[in-house]
Amino acid sequence: RSLLEAEGYFSAQIRASVSDEVVGQPTLITLMVEPGPKTHVSRVQMVFEGELDTLLSKDDAEAKALVSALETHWALPQGEVFKQVDWSAAKNGMLARMRAQGYPMATWSGTSATVDAQAQTARLFVVADSGPAYYFGDVYIEGLKEQRASSVLNLVSFVKGQLYREQLLLDFQERLQKLNLFDSVFV
């Protein structure tokens with residue numbers, strides 16, 4: 001039953017029968033499975049806590065854009081079949097997006113999926129605590145021996161006070177590596 005539920009079948013009918021024992025023969029167990037209809041997501045509700053919520057209440061454009069992107073890219077939207085693997089992927093994807101877009105300490109305050117097996121519906125509720133927003137600060141360079149600091153600083157594409165974006169750091173590191181001036185580079 002739990003295997004079927006993980007695939008979205010919450011009203012499965014399962015019957016088992018055991019054959020009469022015959023000496024010298026293995027016992028035959030027959031399972032009759034009628035999975036029934038699949039369960040579909042009927043509602044998704046997202047609540048945000050932490051600094052993201054504070055910025056939303058101040059009508060911050062970046063916070064609103066992030067929430068819009070989180071809602072748009074939610075991997076288990078209304079109407080989709082509710083499967084456990086997709087539910088986990090949707091939650092992981094949302095946290096990863098929040099962490100990459102300025103809130104690297106984001107966690108779940110709570111999540112729930114309420115399944116109505118008779119109606120074949122699932123209502124999803126998530127509460128994400130963004131934690132504090134992180135902003136870029138000063139750039140510090142360590143380990144230079146042969147190159148000037150300006151060769152590194154000229155490639156920085158973010159400014160002090162700008163909201164942290166993981167992709168900006170990855171791009172910066174890639175540009176440094178492509179210079180071929182260093183044996184190794186870590187940003």
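## Position of Ile-141

In this predicted model, Ile-141 lies in the loop that runs between β5 (121-129) and α5 (149-153). Its relative accessibility is 31%, so Ile-141 counts as partly exposed, since the partly exposed class lies between the buried limit of under 20% and the exposed limit of over 50%.

Leaving aside residues up to four places away in sequence, Ile-141 touches Ala-149, Val-152 and Leu-153. Ala-16 stands 125 residues apart from Ile-141 along the chain, and 68 Å separates the C-alpha atoms of the two residues.

## The largest pocket

The largest pocket holds about 560 Å³ of space. Its lining has 24 residues, of which Ile-141, Glu-142, Leu-144, Val-185 and Phe-186 are the closest to the centre.

By residue class, the lining of the largest pocket consists of 15 nonpolar, 4 polar and 5 charged residues. Helix α6 (residues 166-178) makes the greatest contribution to this lining, with 3 residues.

## The nonpolar cores

The largest nonpolar core contains 26 residues, and the members that touch the most others are Phe-48, Trp-74 and Met-94. At least two residues of this core come from each of β3 (40-49), α2 (51-57), α3 (61-72), α4 (84-100) and β5. Helix α4 supplies the largest share, 5 residues.

Which residues does Phe-48 touch, not counting those up to four places away in sequence? The contacts of Phe-48 are Asp-53, Leu-56, Val-67, Leu-70, Met-94, Met-98 and Ala-128. There is also a second, separate core of 9 residues, with Phe-136, Val-156, Tyr-164 and Leu-176 among them.

Definitions and conventions
Residues are numbered from 1 along each chain as its sequence is written. This is a predicted model: local features need pLDDT of at least 70, side-chain atom pairs count only at pLDDT 80 or more; totals for chains, interfaces and linings use all residues. Side-chain values use heavy atoms; hydrogens and water are left out. Helices (H or I, at least four residues) and strands (E, at least two) are DSSP runs, numbered from the N terminus. Buried means under 20% relative accessible area, exposed over 50%, partly exposed in between (1.4 Å probe, protein chains only). Contact means heavy atoms within 4.5 Å. On a 1 Å grid over the protein atoms alone, a cavity is a set of points where a 1.4 Å probe fits but cannot get out, and a pocket is an open set with protein on both sides within 12 Å along at least five of seven lines; lining residues have an atom within 4 Å of a point. Grid points are joined across faces, edges and corners, and a volume is the space filled by probe spheres set on the points. Ala, Val, Leu, Ile, Met, Phe, Trp, Tyr, Cys and Pro count as nonpolar, Asp, Glu, Lys and Arg as charged, and the others, Gly among them, as polar. A nonpolar core is a set of buried Ala, Val, Leu, Ile, Met, Phe, Trp, Tyr and Cys residues joined through side-chain atoms within 4.5 Å.
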